[in-house]
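Work through the exercises below with the model in view. Try each task before reading its solution.

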Amino acid sequence: MAFQLAVVILIPIILGIVTVSPFDEPQIEEPVQPKEIDDEPNFGMLYFFMMIIWFFFLFRILFQLKKGTFTLQRKY
């Protein structure tokens, strides 16, 4: 059960760090030129699949909470 909680907490954090820029870069007005090929990797599909996994784990936890079968075992 702790693994499910870790996944639900860590996936949005990792995706936020990888895909979201910390600030908007300033816009520089330049004459119109053809677009250059972007060398940055595209994380669109990775983001999509990671969010599907995240929703699966979230719905599973919510379903187990509703049934009353979601428990965490503490081991000391």
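Two residues are in contact when they have heavy atoms within 4.5 Å of each other. The model is predicted.

**Exercise 1. Describe the chain as a whole.**

Task: Find how many helices and strands the chain has, and what share of its contacts with a separation of 6 or more joins residues 24 or more positions apart.

Solution: 
- Start with the elements. The chain has 2 helices and 0 strands.
- Turn to the contacts. Of those with a separation of 6 or more, 94% link residues 24 or more positions apart.
- Of the 76 residues, 14% are buried.
- Finish with the surface. The accessible area is about 7400 Å², and 65% of that belongs to carbon and sulfur atoms.

**Exercise 2. Locate the largest nonpolar core.**

Task: Name the residues of the largest nonpolar core.

Solution: 
- List the members. The 9 residues are Val-7, Val-8, Ile-11, Leu-15, Met-51, Trp-54, Phe-57, Ile-61 and Phe-70.
- Follow one member. Leaving out residues up to four places away in sequence, Ile-11 touches Met-50, Ile-53 and Trp-54.

**Exercise 3. Classify Ile-9.**

Task: Decide whether Ile-9 is buried or exposed.

Solution: 
- Ile-9 lies in helix H1, residues 2-19.
- Apply the cut-off. Exposed means over 50% relative accessible area. Ile-9 has 52% relative accessibility, so Ile-9 counts as exposed.
- In soluble globular proteins, nonpolar side chains tend to be buried together.

How values were computed. Residues numbered from 1 in each chain as written. Predicted model: local features only at pLDDT ≥ 70, side-chain atom pairs only at ≥ 80, totals over all residues. Heavy atoms only, no water. Helix = DSSP H or I, 4+ residues; strand = E, 2+ residues; numbered from the N terminus. Buried < 20%, exposed > 50% of the residue type's maximum accessible area, 1.4 Å probe, protein only. Core = buried A, V, L, I, M, F, W, Y, C linked by side-chain atoms within 4.5 Å. Areas by Shrake-Rupley, 256 points an atom, 1.4 Å probe, with all protein chains shown as cover.
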